[in-house]
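Colleague: I would like to go through some of the labels attached to this model. For each one, tell me what it rests on.

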Amino acid sequence: MIFPHTVIPFFVSQKSSLSALDHALKKERDVVVTLQKDDSEHPSLGSLYPVGTLCHILQVLKLPDGKMRVLVEGRNRAEISSLAAKGDFPMARIRELDLESEKDEARLTLLMQNLKSSFTGLAGTKRKIPKEVLSHVEKADTPGKLIGHICSSLNLTPAQKAEYLQNGDTAAVMEELSAAIEMEKELLSLKKNIDTRVRKKMERTQKEYFLNEQLKEINRELGSDREDGGDLKELDRLLEEKNLPREVQDKAIRELRRLEKLQPMSPESGVLRTYLEWIVDLPWNSYSQDRKNLAETTEILDQDHYDLKKAKERIIDFVAVRQMNEASKSPILCFVGPPGTGKTSLGRSVARALSREFVRISLGGVRDEAEIRGHRKTYVGALPGKIIQSLRKASTSNPVFLLDEIDKMSNDFRGDPAAALLEVLDPEQNSTFGDHYLEVPYDLSHVMFITTANSLHNIPRPLLDRMEIIEISGYTDIEKYNIARKFIIPKQLKAHGLKGTEIVFTEEALKKIISSYTMEAGVRNLDKQIAQVLRKILRSSIREYQTRPGRFILAEPTPLWSQAVPTVLTRLEWEGVINLDDLNREVKEEELRELLGHPLFSESDLKKNKAPGLSIGLAWTEVGGRVLPVEVALLPGDGKLMLTGKLGDVMKESAQIALSYLRANGEKYGMDRDFHKGKDIHIHVPEGAIPKDGPSAGITMTSALLSAAVGIPIRENTAMTGEITLTDRLLPIGGVKEKVLAAHRNGFTNVLLPEENRKDGEELPEEIKETMSFHFFSSVKDALAYLFPSLEATI
């Protein structure tokens, strides 16, 4: 970039520019030089900076390769108003520009002095600035000359220089240049400080090296070993005794020999020592003995969990196969189900049943591939990934390894951990798992991997294909009652220090807690409510004891409860009075309001629906099934379809299909074919803050729309689910068990399902099939005939 009042040489290679120079040499030798925004051979007016410099050609030297070396003198700023092609080069129409003069002469003089001072200071720091340039700057008597000489000397990009040239306000340009110079001076000062520190560090390192070499020679003359020789001999002995795989053994020996040649204070020495310690600590060929008795395995699984038949049978099958083939590969299982159904605790139970070690890592929120594969050992603070770290903790190469919340992983610029798990969870590949830190393969084929997830939608398909899916559905009220009686209550009594007591929940009280204080697919909240009851009982009992006459003895500070009660109290012994038998009591239904407060849930009144336009659907979510009411209202308008309730695209399409189906078949149901004309149709799904999507609400929307159009309510006590088509088909849906359990929790006794889901209905618990009626249909017409008994004759 050329500025006025400067003499600059440059090379020209573009054909159009060469032609322009030849033309100028034949005339007044004047050219306009400006910066081009792109690399095009024939730039347009828009691709040039509008303000350039009017230059006079002083000298031209033609080179053998066809280029020209041109020496020009900048005369003045020039604005290009238009371009016209003249032959093969552009001719510019320009307007010479004068710099805006500062009205305050004193301020202008001060700015020039400040800019000269800053540049002189930079020249003292930066030795590359020629003395001629410094002389020109000091002699500059106008702002234009000063700006031109300084901009030509500073380490600025062409674009930055062009911006300064565009700006005709000399005061503003001098202020910006002063700031840029001060910034460059700070950077040069910082660089100088860094260089000084690095030089001193290098000198210190070199000094330490010479001293260590002298110390080494002194020790050799005295016949003494190096300081860390004992540690290295210990590592060598452990490597020999470890019975490592051949490839691992060779790698470890090579690294050990390298370590012996390094100085103890060398950074690489610490890296290699840590690496060899990891090699020694890992359980390369250490395996625990599996339990082989099927009866004992079954008994342990039943002790820890109620039902979960499919998962337990798969573990028993594995034990049976291992008795015939010790080399059989361990399964890769994925437990999928709502929260609180026992997926994580089942993994721990599997380890106990197989007599294996148990390790667990949570993958929720993991977004770095290095969490799985580790970092290269050359990085500062590098470690193996969580897989290898957990195996070292387990001290065996065949633990039960639980990968919790595998559906909660994400990815970013650091890599995709799900892709790293493809090798871990592939039985054909994990025998040679490669951790970046170890740099040698590790055999994971003997590890039983169990993953847990609330939903399969977020798991990549290639990863899902490597796992054996076992669904752990929600529990019925009867199952929850049995779980509470056999597992939760004994566990909470022990946790609260009440194991020797006989605190008994009546059947009515326990069922009331399940129905009125919890509404979930699992039993996590049920566990919390039972724990709250025991805390209230314990608190009232202790308060009652403290009001009795007697004497307290302060014993050693120990926790009165376990972690179930967060406050740690000092144990008080009530001399001759405290007796666990005095805490025995029966928890009755009428006491629950006092112990737990008002019921959190009441029996749904949706099953008694008698309002036209309201239909009850069933939905599947990651936390279990739930009822999904759909409301429809017809109001005067111009035939618009309004959808509210934060519906997804698929659900909106289901509403369109429902409307089109009724418009095509409305006469069968006593409707006018043009029933929608002159009316707006508003379909609303309550709980509008919760996103909803999926095709299974098709029959629900159709029945609600028909009900609103004919003014007849849908059959009472009926919930439904199913996808519809324009050709009168009712298609199957997923999550049948979760949806049916949701209907059962809300008191519905009739459920409408697609005919192709009949096989799913056969797998429902017996108590559900005994208390509920299921109605299967393959066509929308038959389904609507059941939902509207009064219209059945016309249909």
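Colleague: What makes Asp-30 partly exposed, rather than buried or exposed?

Modeller: This is a predicted model, so the values are computed from its atoms. Asp-30 has a relative accessible area of 38%. Buried means under 20% and exposed means over 50%, with partly exposed in between, so Asp-30 is partly exposed. The residue lies in strand 2. Asp-30 also belongs to a patch of negative charge on the surface, together with Glu-28, Glu-96 and Asp-98.

Colleague: Why is Lys-27 called exposed?

Modeller: Its relative accessibility is 51%, and the label exposed asks for over 50%. Lys-27 therefore counts as exposed. The residue sits in the loop between helix 1 (15–26) and strand 2 (30–33). With Lys-26, Lys-62 and Lys-86, Lys-27 forms a positive surface patch.

Colleague: What is noted about the backbone of Arg-29?

Modeller: Arg-29 has a positive phi of about 65°, although it is not a glycine. Arg-29 is found in the loop between helix 1 and strand 2. Its relative accessible area is 28%, so Arg-29 is partly exposed.

Colleague: Which label does Leu-308 get, buried or exposed?

Modeller: Leu-308 has 9% relative accessibility, and therefore counts as buried; the cut-off is under 20%. Leu-308 too is not a glycine, and has a positive phi of about 50°. Its place is in the loop between helix 10 (294–304) and helix 11 (309–324).

Colleague: How do you know that Arg-257 forms a salt bridge with Glu-260?

Modeller: The closest N and O atoms of Arg-257 and Glu-260 are 3.3 Å apart. A salt bridge needs a side-chain nitrogen of Lys or Arg within 4 Å of a carboxyl oxygen of Asp or Glu, so the pair of Arg-257 and Glu-260 forms a salt bridge. Side chains of opposite charge can pair when their charged atoms come close. Arg-257 and Glu-260 are three residues apart in helix 8 (residues 246–261), which means that about one helical turn separates them. Arg-257 is partly exposed at 33% relative accessible area, and Glu-260 is partly exposed at 34%.

Colleague: How many salt bridges does the rule give?

Modeller: The count comes to 33 salt bridges.

Colleague: What makes the contact of Asp-281 and Arg-392 a salt bridge?

Modeller: The N to O distance between their side chains is 3.4 Å, and the limit is within 4 Å, so Asp-281 and Arg-392 meet in a salt bridge. This pair links distant parts of the chain, 111 residues apart: Asp-281 is in helix 9 (residues 267–281) and Arg-392 in helix 14 (residues 386–394). Asp-281 has a relative accessible area of 40% and is partly exposed. Arg-392, with 33%, is partly exposed.

Colleague: Where do the partners Asp-290 and Arg-356 lie, and why is Asp-290 called buried?

Modeller: The side chains of Asp-290 and Arg-356 meet in a salt bridge, 2.8 Å from N to O. The pair links distant parts of the chain, 66 residues apart, with Asp-290 in the loop between helix 9 and helix 10 and Arg-356 in the loop between helix 12 and strand 7 (358–362). Asp-290 has a relative accessible area of 14%; buried means under 20%, so Asp-290 is buried. Arg-356 counts as buried at 6% relative accessibility. Salt bridges that share partners also join Lys-251, Glu-255, Arg-258, Glu-268, Lys-377 and Glu-439 into one network.

Colleague: Why does Thr-341 count as buried, and what lies 2.8 Å from a polar atom of its side chain?

Modeller: Thr-341 has 1% relative accessibility, so it counts as buried. The backbone oxygen of Pro-338 lies 2.8 Å from a polar atom of the Thr-341 side chain. Thr-341 has its place in the loop between strand 6 (332–336) and helix 12 (343–354).

Colleague: Why is helix 26 described as largely enclosed?

Modeller: Six of the eight residues of helix 26 (residues 780–787) are buried, so the helix is largely enclosed by the rest of the structure. The buried residues are Val-780, Ala-783, Leu-784, Ala-785, Tyr-786 and Leu-787.

Note on methods
Residues numbered from 1 in each chain as written. Predicted model: local features only at pLDDT ≥ 70, side-chain atom pairs only at ≥ 80, totals over all residues. Heavy atoms only, no water. Buried < 20%, exposed > 50% of the residue type's maximum accessible area, 1.4 Å probe, protein only. Helix = DSSP H or I, 4+ residues; strand = E, 2+ residues; numbered from the N terminus. Patch = residues over 30% accessible without salt bridge, like charges linked within 9 Å, V, L, I, M, F, W, Y side chains within 5 Å. Areas by Shrake-Rupley, 256 points an atom, 1.4 Å probe, with all protein chains shown as cover. Lys, Arg positive; Asp, Glu negative; His and termini not counted. Charge placed at Lys NZ, Arg CZ, Asp CG, Glu CD. Polar contact = N/O pair within 3.5 Å; in protein donor to acceptor, adjacent residues only side chain to side chain.
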